[in-house]
Amino acid sequence: KDGEEKGGGDGDADGVGEGKSEGREEESEGKVSEPPPPPTYYCATCGTKEKLWACLVCGFVGCGRYTREHSLSHYDTMKHRWAIELSTRRIWDYAADGYAQKLPGS
């Protein structure tokens, strides 16, 4: 109908209802379900799950230069300079060929 809002209808714009725990949903029998397992990442090109890097520009996930180098190939093709090593969360700058350094005062 015209003038009606789509969605939950409770007036809550973000879709989160009152009384729910963040990260968990209550089941109908009063039990609390476990949060979902963390996502499994893999190289978008070869499928390996080891030594992975994610492009900070577009999100492409590729394997490192000591496996099949698909993250490096992504840089060579797309020139997306920044990637994060998923296992350590360190940021690599392909243009400078080194890890990004912290800024003074951070």
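Predicted model: local features only at pLDDT ≥ 70, side-chain atom pairs only at ≥ 80, totals over all residues.
Side chains of opposite charge can pair when their charged atoms come close. In this model, that gives three salt bridges.

Let's start with Asp97 and Arg65, whose side chains meet in a salt bridge at 3.3 Å, N to O. This pair links distant parts of the chain, 32 residues apart. To find Asp97, look in the loop between strand S4 (91-93) and strand S5 (98-99). For Arg65, go to the loop between strand S2 (61-63) and helix H1 (70-78). How open are these two? Asp97 is partly exposed, with a relative accessible area of 47%, and Arg65 is partly exposed too, at 31%.

Next up are Asp93 and Arg81, with a salt bridge of 2.6 Å, N to O. Asp93 sits in strand S4 while Arg81 is in the loop between H1 and strand S3 (82-85), so this pair ties together parts that are twelve residues apart in sequence. Is Asp93 buried or exposed? It has 6% relative accessibility, and because buried means under 20%, Asp93 counts as buried.

Glu85 counts as buried, at 11% relative accessibility, whereas Arg90 is partly exposed, with a relative accessible area of 40%.

Terms used:
Residues numbered from 1 in each chain as written. Heavy atoms only, no water. Salt bridge = Lys/Arg side-chain N within 4 Å of Asp/Glu carboxyl O. Helix = DSSP H or I, 4+ residues; strand = E, 2+ residues; numbered from the N terminus. Buried < 20%, exposed > 50% of the residue type's maximum accessible area, 1.4 Å probe, protein only.
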